[in-house]
Amino acid sequence: MIDWPASLVREIGRRRAFVFLGAGVSASAIHTDGDAPQTWLQFMNMASQLITDNILKDEVEELIGQKKYLLALQAIKNSANPAEYDALMNQSFNNPKFKASKLHEHILDLDLEIVVTTNFDKIYESYCHHTANDGYRVLTYKSEDLGDLLRSDTRLIIKAHGCINDSRSMIFTKAQYHSAKKNHPQFYELLKAIFLTHTCVFIGCSMDDPDILLALEEVKVTSSSTFPHYVITKKDANSEIAKNDWNETYNIKALEYGPNHTDLYADLKNLNDRVAEFRAVY
């Protein structure tokens, strides 16, 4: 069971923290037929089947095996039929039959002002729109009013890699990463500012997103390890070397749950109870 640091409870209670949702959160959703969303690896393997050149397909599958996903997706996008590629993304990330899980419920119950996600799907935002007492604004890296809204009391869901609603602007490949960094530098400056001024709790993240790690690396240079960010991860899912690297390079401390993924639900319920106790007093 996670022993939540008192400082993190306090920062969440005062809404000086935000959560960063990765693919693992979406993967907890359940289809009305009982299926779960594809994992990132499942999607990559399915996308590689769009390649008709067998030699290129073998090369892409080798890249996937090496976890060089951005480069693999670039090759898939360049060679696949555009209509089939778009249809696969829509099928994978725009399925309204996927319903929010207990994980989504506990995250919303934290009642934070900012949620950042690299997920393209709309599972969490749909749950917020239908359940939350406060209205949520959904922004992407292209939104020009992010700076103004960060100074307001509006609840924000920031989709750092875009949204399936605008599939052509989704950041999916290596070239798209570089294009977004070049054409929307203000977004990355604002994202860095959020990391500098708030404590981040990564949930369902694999901690290999190059954009996020670069921002964290730059923030680490100007911040103190007294106030770390946190990543919630399954027990024994990562090596001690990796966890030490997160701590030393990015100022991120690992909080481990387990041994099962569903054990996280009770941990987050406990966190919500402690935050509620804090807010009742302060």
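This is a predicted model: local features need pLDDT of at least 70, side-chain atom pairs count only at pLDDT 80 or more; totals for chains, interfaces and linings use all residues.
**Two helix pairs**

In helices α3 and α6 the axes cross at roughly 155°, and the pair is therefore roughly antiparallel. On the α3 side of this contact sit Phe43, Met46 and Ala47, which meet Leu88, Met89, Gln91, Ser92 and Phe93 of α6. Sorted by class, six of these residues are nonpolar and two are polar, with no charged ones.

Helix α1 packs against helix α14 at an angle of about 65°. Here Ala6, Val9, Arg10, Ile12 and Gly13 of α1 touch Leu271, Arg274, Val275, Phe278 and Arg279 of α14. This contact divides into six nonpolar, one polar and three charged residues.

The table sets out the geometry of both pairs.

| Pair | Residues | Angle | Axis distance | Crossing |
|---|---|---|---|---|
| α1 and α14 | 6-13 and 263-281 | about 65° | 9 Å | right-handed |
| α3 and α6 | 40-48 and 82-93 | roughly 155° | within 11 Å | right-handed |

**The sheet**

Now to the strands. An open sheet of seven strands runs in the order β5-β6-β4-β1-β7-β8-β9, with parallel pairing. Its edges are β5 (136-140) and β9 (252-257), each of which pairs on one side only. On average, neighbouring strands in the sheet are turned by 20° against each other, direction ignored.

His229 has Ile252 of β9 opposite it.

Note on methods
Residues are numbered from 1 along each chain as its sequence is written. Side-chain values use heavy atoms; hydrogens and water are left out. Two strands pair if DSSP finds at least two bridges between them. Helices (H or I, at least four residues) and strands (E, at least two) are DSSP runs, numbered from the N terminus. Axes are lines fitted to C-alpha atoms, for helices over the stretch in contact, and angles run from 0 to 180 degrees between N-to-C directions. A crossing is left-handed if the near helix is turned anticlockwise from the far one by less than a right angle, and right-handed if clockwise. Contact means heavy atoms within 4.5 Å. Ala, Val, Leu, Ile, Met, Phe, Trp, Tyr, Cys and Pro count as nonpolar, Asp, Glu, Lys and Arg as charged, and the others, Gly among them, as polar. Angles under 35 degrees count as roughly parallel, over 145 as roughly antiparallel, 65 to 115 as roughly perpendicular and the rest as oblique.
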